[in-house]
Structures are given as C-alpha cells and as structure tokens.
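The following questions and answers examine one protein model step by step. Please consult the sequence and the structure as you read.

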Amino acid sequence: MAGTFTFLGIHFVFSTKNRIPTISSDINDRLCAYIGGIIKELGGILIEINTMPEHIHFYVYMPKTVSVAKFMEIVKANSSKWVHVTFSEKKDFG
C-alpha cells in the first residue's frame, strides 16, 4: 500500500467523581480551555466541548499515535490535577 489514511472522530463523555456537581460556572470556561490545550498537545483537534455540573462532553479528532484509553487517561488526570492546583477550594474535585 502506498499510504494509510486514519480518521478518528470520537465523542467522549465522562463524569465527575461520584457524579457530584463540582463543575461550577466559575471554572467552566477555563477548564474547557485547559482540556483543549491538553488535546492539542496530544496531537488531537478539539471540535466541540461542553460541560454540565457533573459531566463533560467533547468531540475530538484523535491522533492515531495514542490509544483511546491512554488519551482519556491523560486528559482526565491532567485536567483534574489542574483544577486542584488552580482552585484549591475544589479539593473534592475528581
């Protein structure tokens, strides 16, 4: 084969720990931007992102170099750590 074309468009949904509504309006926009930065660093393209108090949806074009599981592991771990560091009052965020 001369080449391979890979296109991975995936809609992710994940909830906060125990579905506790910890995504408040004061962190919403910054959290979305931060997640977008993580996705870009991984080589993905964020198409759309939206949050609710207890969950996040995003649609992304994923790079073929990262597994779906590893991609989500990195997004969730880094965004959660960022919230803990940036918003110290959100110690229950997960």
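Rings of Phe, Tyr and Trp (its six-membered ring) pair if their centres lie within 6.5 Å; planes under 30 degrees apart count as stacked, over 60 as edge-to-face and the rest as tilted. This is a predicted model, in which local features need pLDDT of at least 70 and side-chain atom pairs count only at pLDDT 80 or more, while totals for chains, interfaces and linings use all residues. Residues are numbered from 1 along each chain as its sequence is written, and side-chain values use heavy atoms, with hydrogens and water left out.

Q: Which residues form one aromatic cluster?
A: The ring-pairing rule gives six aromatic pairs. One cluster of rings consists of Phe12, Phe14, Phe58 and Phe71.

Q: In what order do the elements of the protein chain run from the N terminus on?
A: Helices (H or I, at least four residues) and strands (E, at least two) are DSSP runs, numbered from the N terminus. The protein chain holds two helices and three strands. Read from the N terminus on, their order is β-α-β-β-α.

Q: What percentage of the contacts with a separation of 6 or more is between residues 24 or more positions apart?
A: Contact means heavy atoms within 4.5 Å. Leaving aside residues up to four places away in sequence, Ile56 touches Phe12, Val13, Phe14, Ile23, Leu31, Ile35, Ile49, Asn50 and Thr51. For the protein chain, the share of contacts with a separation of 6 or more that join residues 24 or more positions apart is 64%.

Q: Why is the pair of Phe7 and Tyr61 classed as it is?
A: The ring centres of Phe7 and Tyr61 are 4.7 Å apart. Their planes stand at 55 degrees, so the pair is tilted.

Q: How many residues apart in sequence are the parts that Phe7 and Tyr61 tie together?
A: Phe7 is partly exposed at 48% relative accessible area, and Tyr61 is partly exposed at 29%. Phe7 lies in the segment before strand 1 and Tyr61 in strand 3, so the pair ties together parts whose separation in sequence is 54 residues.

Q: Is the pair of Tyr59 and Tyr61 stacked or edge-to-face?
A: Tyr59 counts as partly exposed, with 29% relative accessibility. The ring centres of Tyr59 and Tyr61 are 5.8 Å apart and their planes stand at 80 degrees, so the pair is edge-to-face.

Q: Where does Asn18, a residue with positive phi, lie?
A: Most residues other than glycine have a negative phi. Asn18 instead has a positive phi, near 60 degrees. Asn18 is exposed, with a relative accessible area of 65%. Its place is the loop between strand 1 and helix 1.

Q: What is the relative accessible area of Arg19?
A: Arg19 lies in the loop between strand 1 and helix 1. Its phi is positive, near 55 degrees. Arg19 is partly exposed, and its relative accessible area is 48%.

Key
Buried means under 20% relative accessible area, exposed over 50%, partly exposed in between (1.4 Å probe, protein chains only).
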